[in-house]
Amino acid sequence: MGSTDQAKAKLEGVIYQLYPPSFKDSNGDGWGDLGGMLAQVEYLAELGISAVWIGPICDSPMEDNGYDIRDYYKIHDAYGTMEQLEELIAKLHEHDIKLMMDLVLNHTSDEHSWFEQSRSSKTNPYRDYYIWQPPSSNGEPPNNWRSFSEDSAWEWEEETGEYYLHIFDKKQPDLNWENKKMREELYTMINFWLDKGVDGFRLDAINMISKHPDFPDAPDDARHPKGQQFYKNGPKIHEFLQELHEATFGRVPGTLTLGEAPTVTMDEVILYTAPERKELDMVLQMEMIRIGKDYGHPWKNDPHWSPELLKESIVRWYKNVFGKGAYALYLNTHDHPRMIGTLFGDVSEIGGAEGKALNVAAAKAIGTFLHTLPGTPIVYQGEELGMPNADYDHPDQYRDKGTLSAYHRRIQAGESEKEILASFHARSRDGARSPMHWTGGEYAGFSEVEPWIPMSPQGKEFNAEAERSDPHSVFHHYRRLIQFRRESPILTKGDLDMLPIEEEWILAYTRTYEQETWLIILNFSDQPQTCLIDAKWSFVWEEGECLISHPKADVLTHSVFSKKEDPIKVDLLPYQSLVYRKR
Ligand code: NOJ
């Protein structure tokens, strides 16, 4: 295999994102752990995924659930031991599943020994491992950048009379990548994990490691978080990534790297991921996960979203990046409420059989969509069960520090609790962090004791035990899609064409590769819809085979189309998804 083929082969299959604190508790402390992951390897194998990305498990004070690392070489006590991680790697490998670690290289915890040394004096050898600046002439922070937690991105240190930079929380100081010694220490650490047999990494906030050297002020009307144009995709980013690749991933062929690079342009994605440039294998396409949200504002949704936006984003990425660079697609992750709530409202709250049926159909539509697009799919734990977004109704139920500090700030500013909670339901990342549903029993089989974050008040019936034994479940729908993704080059390599459909809530597109065509039709609304498609597509279902049809496969495949007309009239049930294949 040539190096380009090898790079491409690495991208086939589906990645599963496992959020460690909420996946499975094995030792009865209400916090997920490596023992729980080990106990569920068969579940992952049954689902058929190719790689599992586990959130950060290194030692941490857990201010940001592990994205604040205190010791890169130690497993956090509550997760277990290094031996268990080694066992997990071996067990996953037995099932041909790769393990990807979450690598946080933009910042550490302020409790990391490097930062403790760094803050101790201006002459300490570790001072320059982080980014320190004197106050501006009026004694204020060096510039007007805001952190993701909405306060200034600079924290004052009285002892040494300077500010340090933290793009995220003040407990997460940014590392100074200009310092070669610091970079080399990171590379040694990454090689330590590669030598343990880790197969790949998801690189947290990786496009933020090169800052503008002059730290300029952002315009007053800059979008949240203010200043981002000066620390994302900065002047030395490619130099740093190429050096990182050469010193670490490049040593072990087949290592899979996935960069988290918010607001990256498509041209930059190509630079990050073109195989010959030797930087990263792929980046997360973060546009799709923002659909339905107001990205100028941390707490609002966009009431005007429509599938048109999804269509536009998919086509633009496909035309500009596909085949030149590589990207991974996701609709759910630990940083956003579950998409089923954002796109479709709280269908599960309708209750009863109707609510359940709609939830199943909506969850399946999300799955069908994700797996039939160009780009590597990432499935976030619980999505494959159709778990709803957790709707907490009291501020005490939230755990995310950013959410809680926003609560206090907004209460002080005079907003009503009702309004704040509604906005948290819309945007707080805790909605996706409620524990995984393994059974219909107490604490959903996640733990024997009360979990660190409350169970989702809704959706108990969407659990692994019930769904594994139900061939019509969301779980088995995902299983089928994942299998298609592994077996059908059309999904990984095929061309994409959007069909010109006038109805706003319907998406129809084809994938084509060599002699094969797949036609995918999705109704993204909770109402029955009718659309017209050109008669030239009739061959797909006249001579083809129906791979996916939800709901009610056998009945609907015969009634959904009126074949005699031109254009063809297609009747779709709420959230119906259809996939046809013609070879
Ligand atoms: C992105 C991670 O996904 C998020 O959870 C974390 O808070 C920030 N990076 C900071 O590490």
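A polar side-chain atom of D204 lies 2.7 Å from an oxygen atom of the ligand, a polar contact being a pair of N or O atoms within 3.5 Å. The model is predicted, with local features requiring pLDDT of at least 70 and side-chain atom pairs pLDDT 80 or more, while totals for chains, interfaces and linings use all residues. Residues are numbered from 1 along each chain as its sequence is written, and side-chain values use heavy atoms, without hydrogens and water.

| Residue | Distance to a ligand oxygen atom |
|---|---|
| D64 | 2.5 Å |
| H107 | 2.9 Å |
| D204 | 2.7 Å |

On its own the ligand has 300 Å² of accessible area, of which the protein covers 96%; such areas come from the Shrake-Rupley method with a 1.4 Å probe. The residues around the ligand, counted when a heavy atom lies within 4 Å, include Y67, F168, R202, E260, H334, D335, R429 and R433.

Helices α11 (residues 352–371) and α15 (residues 474–487) have axes that come within 10 Å and cross at roughly 10 degrees. The two helices are therefore roughly parallel, a class for angles under 35 degrees. Axes are lines fitted to C-alpha atoms over the stretch in contact, with angles from 0 to 180 degrees between N-to-C directions. Helices are DSSP runs (H or I) of at least four residues, and strands (E) of at least two, numbered from the N terminus. In the contact (heavy atoms within 4.5 Å), α11 contributes residues including V360, I366 and L370, and α15 residues including Y478, L481 and R485.

The D566 to P567 peptide bond is cis, with omega near 0 degrees, and P567 is in the loop between β19 (561–562) and β20 (568–572). D96, a residue other than glycine, has a positive phi near 60 degrees and is found in the loop between α4 (82–94) and β5 (98–104).

Conventions: Parallel < 35°, antiparallel > 145°, perpendicular 65-115°, else oblique. Polar contact = N/O pair within 3.5 Å; in protein donor to acceptor, adjacent residues only side chain to side chain.
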